[in-house]
Amino acid sequence: MKELENGFTRKKSSVGSEISTAKTKMSANELKVFYQVSTLIDKDDDKFMKYTISVKDFVGSLGFSQTNIKDTKDICRTLAKQCFEIQEGDIWRVYPIFAGFEFDTKAQMIGFEFNDKMRPYLLNLKQFTKIENVEYIKQFESKYAIRIYALLKDYRKMAYRDFDMEDLHKILQLPKSYLDYGQFKKRVLDPAIVEINEKSDLFISKIEEIKKQRKKVLRIRIHFENKATKIAEDKIKYLLKFYKDNKEAFGYKAFLGFKYEQDGVIRTITRIHQEKENNYHAIYCDHSDNVSFSCHDGKTFLNRLCNGIHNAIEIEAEQEKQTKLDLIDWQDEQERINAYKEIMRKWIEKRQKESVRV
């Protein structure tokens, strides 16, 4: 069991790509809890842990308006019943997301852990949806904005994503009244785009109706791109807050491993040296013994450090925008992989039936 003494401190979520297309009836608040809790897992972890967190930190860090015990219990109660429905070829799976929740009224602590059946979609991931900052999700009011945002982040290295309208309706678990594309666009798509464009690191520039049957829209294409400057600004804002809140425990170690831009060259910060007696600070990059930057003023050093990291993040985000994968090639490759898996599945089934007959 691990107690989250400082609440949720991680911002990055990496979950299996199957989750972005899974069916779920989770509300916006429940989706926020799922993505925030998923930040506790490293994609290379091989087992789930049980976590405990104070009610105050649980409610406060998620930005919920509910502050009383009843409302918090209600969130835990409904989350304990929520599932993901995942379709993989001919195999349909439905699993509860969490193993359960515990509420210690006297200590004001909540305990929770993921259902072990969720292992393939949260642990040892090879392909995954990477959300760099779950704070964006926590700002969304619409559950549809959260789901569409995650679907686009799953294609984060592409300039657009195509959606079959029938599949999208199933993923979003929409009411029958939204089968009409006009209603879907007015009630779901347009409000979600407004939220995503205003509150996140993505910008949706255009919706194309790429396949129609008479007046019925069968397929749409959503064009989107990263907001490089916002990504950099939000990352620095979070990094500075983490550094200041954990100054005694981490100090400048909080900045290690980040990319740093200097004279147009991007390097990785591997060591930060500080001599308190003369206020000397120095940055070392790429395991080199040569100083990348140094000064005798702590405030100037911190500003220069953050500016270098900000520039590196912005440059890399811009580069990612310019090196989009070709969607058609990517989809063809996925179809080849899925076809191969289906052939292997049928071959294994055939061998198993033959061995039973023998």
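In which helix does Ser38 lie? Ser38 belongs to helix 2 (residues 28-38). The model is predicted: local features need pLDDT of at least 70, side-chain atom pairs count only at pLDDT 80 or more, and totals for chains, interfaces and linings use all residues. Residues are numbered from 1 along each chain as its sequence is written, and side-chain values use heavy atoms, leaving out hydrogens and water.

View 1. Ser38 counts as buried because its relative accessibility is 1% (buried: under 20% relative accessible area, with a 1.4 Å probe and protein chains only). Its side chain makes a polar contact with the side chain of Ser13, at 2.7 Å (a pair of N or O atoms within 3.5 Å, one able to donate a hydrogen and the other to accept it; residues adjacent in sequence count only if both atoms are side-chain atoms). Neighbours within four places in sequence aside, Ser38 is in contact with Ser13, Val15 and Phe114 (heavy atoms within 4.5 Å).

**View 2. Strand 14 beside strand 15.** Strand 14 (residues 280-285) is joined to strand 15 by 4 bridges, and the two run antiparallel. Ile283 has Phe293 of strand 15 as its bridge partner.

Key. Buried means under 20% relative accessible area, exposed over 50%, partly exposed in between (1.4 Å probe, protein chains only). Two strands pair if DSSP finds at least two bridges between them.
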